Amino acid sequence: MRKHMLLIALFTLVIASVADARIMAKGRGAKMNFDPDSIPAQYKAQFDLMTRKCVKCHTMERTVIAIQTGRAPITGQPFERQAVKAYGIKMLRKPDSNMNKQEIRDVVMLLNFLLGENAK
Ligand code: HEC
(Lines give C-alpha, C1' and ligand atoms only; values in the text may rest on other atoms or scores of the structure.)
Protein backbone atom coordinates (compact mmCIF):
# COMPACT_ATOMS: atom_id res chain seq x y z
CA MET A 1 0.00 0.00 0.00
CA ARG A 2 2.77 2.39 1.02
CA LYS A 3 4.64 1.57 -2.13
CA HIS A 4 1.50 2.18 -4.12
CA MET A 5 1.05 5.67 -2.67
CA LEU A 6 4.65 6.48 -3.36
CA LEU A 7 4.23 5.47 -6.99
CA ILE A 8 1.14 7.64 -7.35
CA ALA A 9 2.93 10.59 -5.78
CA LEU A 10 5.87 10.12 -8.11
CA PHE A 11 3.62 9.83 -11.14
CA THR A 12 1.76 13.02 -10.22
CA LEU A 13 5.05 14.85 -9.82
CA VAL A 14 6.28 13.75 -13.23
CA ILE A 15 3.03 14.77 -14.94
CA ALA A 16 3.06 18.14 -13.16
CA SER A 17 6.62 18.89 -14.21
CA VAL A 18 5.91 17.91 -17.81
CA ALA A 19 2.85 20.18 -17.86
CA ASP A 20 4.91 23.06 -16.49
CA ALA A 21 7.86 22.46 -18.76
CA ARG A 22 6.59 24.04 -21.94
CA ILE A 23 7.66 27.49 -22.82
CA MET A 24 4.51 29.50 -23.35
CA ALA A 25 3.26 30.21 -26.83
CA LYS A 26 0.53 32.53 -28.01
CA GLY A 27 -1.78 32.24 -31.01
CA ARG A 28 -2.52 29.30 -33.26
CA GLY A 29 -1.35 28.12 -36.64
CA ALA A 30 0.27 30.82 -38.72
CA LYS A 31 -0.09 33.34 -35.88
CA MET A 32 1.67 31.19 -33.31
CA ASN A 33 4.73 32.64 -31.58
CA PHE A 34 6.49 32.41 -28.24
CA ASP A 35 4.70 34.51 -25.65
CA PRO A 36 6.67 37.80 -25.60
CA ASP A 37 6.04 37.97 -21.84
CA SER A 38 8.15 34.85 -21.35
CA ILE A 39 11.16 36.45 -23.08
CA PRO A 40 13.44 38.22 -20.57
CA ALA A 41 14.70 41.74 -21.32
CA GLN A 42 18.21 40.62 -22.28
CA TYR A 43 16.81 38.44 -25.10
CA LYS A 44 14.30 40.94 -26.50
CA ALA A 45 16.57 42.11 -29.32
CA GLN A 46 17.19 38.53 -30.49
CA PHE A 47 13.49 37.79 -30.17
CA ASP A 48 12.64 40.77 -32.40
CA LEU A 49 15.25 39.66 -34.89
CA MET A 50 13.88 36.11 -35.00
CA THR A 51 10.30 37.31 -35.31
CA ARG A 52 11.26 39.47 -38.29
CA LYS A 53 13.72 37.20 -40.07
CA CYS A 54 12.61 33.64 -39.43
CA VAL A 55 9.15 34.11 -40.93
CA LYS A 56 10.29 34.80 -44.45
CA CYS A 57 9.71 31.27 -45.72
CA HIS A 58 7.53 29.70 -43.01
CA THR A 59 5.69 30.79 -39.88
CA MET A 60 7.02 30.79 -36.30
CA GLU A 61 4.80 27.78 -35.62
CA ARG A 62 7.56 25.53 -36.95
CA THR A 63 10.10 26.92 -34.51
CA VAL A 64 7.71 26.93 -31.54
CA ILE A 65 6.83 23.27 -32.13
CA ALA A 66 10.51 22.34 -32.46
CA ILE A 67 11.30 23.95 -29.09
CA GLN A 68 8.24 22.59 -27.30
CA THR A 69 8.52 19.02 -28.53
CA GLY A 70 12.31 18.71 -28.92
CA ARG A 71 11.69 17.51 -32.50
CA ALA A 72 12.07 19.31 -35.79
CA PRO A 73 8.53 19.10 -37.20
CA ILE A 74 9.43 18.62 -40.88
CA THR A 75 12.27 16.11 -40.76
CA GLY A 76 11.44 14.62 -37.35
CA GLN A 77 15.07 14.97 -36.24
CA PRO A 78 15.89 15.76 -32.60
CA PHE A 79 15.93 19.50 -31.93
CA GLU A 80 18.27 19.93 -29.00
CA ARG A 81 21.30 22.03 -28.07
CA GLN A 82 23.78 20.28 -30.36
CA ALA A 83 21.32 20.36 -33.26
CA VAL A 84 20.12 23.97 -32.96
CA LYS A 85 23.28 25.48 -34.38
CA ALA A 86 23.16 23.13 -37.36
CA TYR A 87 19.55 24.15 -38.04
CA GLY A 88 20.55 27.79 -37.82
CA ILE A 89 23.29 27.26 -40.38
CA LYS A 90 20.91 25.24 -42.57
CA MET A 91 18.44 28.16 -42.57
CA LEU A 92 21.27 30.64 -43.26
CA ARG A 93 22.38 28.65 -46.30
CA LYS A 94 18.97 28.55 -47.90
CA PRO A 95 18.71 30.72 -51.00
CA ASP A 96 17.65 34.27 -50.13
CA SER A 97 17.66 33.66 -46.39
CA ASN A 98 18.53 37.36 -46.04
CA MET A 99 20.45 36.71 -42.81
CA ASN A 100 24.10 36.92 -41.89
CA LYS A 101 26.22 34.79 -39.55
CA GLN A 102 25.91 37.21 -36.65
CA GLU A 103 22.13 37.19 -36.91
CA ILE A 104 22.07 33.39 -36.96
CA ARG A 105 24.39 33.36 -33.93
CA ASP A 106 21.96 35.65 -32.08
CA VAL A 107 18.94 33.53 -32.94
CA VAL A 108 20.77 30.31 -31.99
CA MET A 109 21.60 31.84 -28.59
CA LEU A 110 17.93 32.66 -28.06
CA LEU A 111 16.81 29.19 -29.18
CA ASN A 112 19.22 27.57 -26.74
CA PHE A 113 17.86 29.75 -23.95
CA LEU A 114 14.29 28.75 -24.90
CA LEU A 115 15.26 25.06 -24.98
CA GLY A 116 16.65 25.46 -21.46
CA GLU A 117 13.48 27.16 -20.26
CA ASN A 118 11.37 24.45 -21.83
CA ALA A 119 13.34 21.75 -20.02
CA LYS A 120 12.74 23.30 -16.60
C1 HEC B 1 15.05 31.18 -46.97
C2 HEC B 1 13.92 30.52 -46.36
C3 HEC B 1 13.98 30.21 -44.88
C4 HEC B 1 14.33 31.06 -43.85
C5 HEC B 1 14.75 32.52 -43.93
C6 HEC B 1 14.20 30.28 -42.63
N7 HEC B 1 13.77 29.02 -42.92
FE8 HEC B 1 13.37 27.55 -41.55
N9 HEC B 1 12.90 26.28 -43.07
C10 HEC B 1 12.93 26.58 -44.42
C11 HEC B 1 12.59 25.39 -45.21
C12 HEC B 1 12.52 25.31 -46.72
C13 HEC B 1 12.34 24.35 -44.26
C14 HEC B 1 11.93 22.90 -44.57
C15 HEC B 1 12.88 21.88 -44.05
C16 HEC B 1 14.28 22.08 -44.54
O17 HEC B 1 14.50 22.27 -45.77
O18 HEC B 1 15.18 22.11 -43.71
C19 HEC B 1 12.55 24.95 -42.93
C20 HEC B 1 12.39 24.27 -41.74
C21 HEC B 1 12.56 24.80 -40.49
C22 HEC B 1 12.41 24.08 -39.25
C23 HEC B 1 12.04 22.60 -39.14
C24 HEC B 1 13.27 21.81 -39.47
C25 HEC B 1 13.03 20.34 -39.61
O26 HEC B 1 14.04 19.68 -39.92
O27 HEC B 1 11.93 19.87 -39.37
C28 HEC B 1 12.71 24.92 -38.24
C29 HEC B 1 12.73 24.63 -36.74
C30 HEC B 1 13.06 26.21 -38.84
N31 HEC B 1 12.96 26.09 -40.21
C32 HEC B 1 13.46 27.32 -38.11
C33 HEC B 1 13.90 28.49 -38.70
C34 HEC B 1 14.50 29.59 -37.97
C35 HEC B 1 14.71 29.61 -36.45
C36 HEC B 1 14.81 30.55 -38.87
C37 HEC B 1 15.51 31.87 -38.63
C38 HEC B 1 16.87 31.76 -38.14
C39 HEC B 1 14.39 30.06 -40.18
N40 HEC B 1 13.86 28.81 -40.04
C41 HEC B 1 14.51 30.78 -41.37
C42 HEC B 1 13.22 27.80 -44.98
C43 HEC B 1 13.63 28.92 -44.28
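Student: What is the geometry of the site of the iron atom of the ligand?

Tutor: The site is octahedral, and the angles among its six donor atoms run from 82 to 179°. Six donors count as octahedral if opposite ones are over 155 degrees apart and all others between 65 and 115. This is a predicted model, in which local features need pLDDT of at least 70 and side-chain atom pairs pLDDT 80 or more, while totals for chains, interfaces and linings use all residues. Residues are numbered from 1 along each chain as its sequence is written, and side-chain values use heavy atoms, without hydrogens and water.

Student: Which protein donors does the iron atom have?

Tutor: The protein donors are H58, through NE2, and M91, through SD, and they lie 1.9 to 2.2 Å from the iron atom. Donors here are N, O and S atoms within 2.8 Å of the metal (3.2 Å for Na, K and Ca).

Student: And where do H58 and M91 sit along the chain?

Tutor: H58 is in the loop between α2 (44–53) and α3 (61–69), whereas M91 belongs to helix α4, so the pair ties together parts that are 33 residues apart in sequence. Helices (H or I, at least four residues) and strands (E, at least two) are DSSP runs.

Student: Is H58 buried or exposed?

Tutor: H58 counts as buried because its relative accessibility is 18%; the cut-off for buried is under 20%, and for exposed over 50%, with partly exposed in between (1.4 Å probe, protein chains only). M91, at 30% relative accessible area, is partly exposed.

Student: Let us turn to the whole chain. How many helices and strands does the protein have?

Tutor: The protein has five helices and two strands, and their order along the sequence is α-β-β-α-α-α-α. Of its 120 residues, 34% count as buried.

Student: Which residues of α3 are buried?

Tutor: In α3, the buried residues are T63, V64, A66, I67 and Q68. Their cover includes the strands β1 (25–26) and β2 (33–34), together with the helices α2 and α5. After α3 comes G70, with a positive phi near 75°.

Student: What does α4 meet in α5?

Tutor: From α4, the residues R81, V84, K85, G88, I89 and L92 meet K101, I104, V108, L111, N112 and L115 of α5. Contact means heavy atoms within 4.5 Å.

Student: What share of the protein's contacts with a separation of 6 or more comes from residues 24 or more positions apart?

Tutor: Such residues account for 55% of those contacts.

Terms used: Four donors count as tetrahedral if all angles lie between 85 and 135 degrees; four count as square planar and six as octahedral if opposite donors are over 155 degrees apart and all others between 65 and 115; anything else is irregular.
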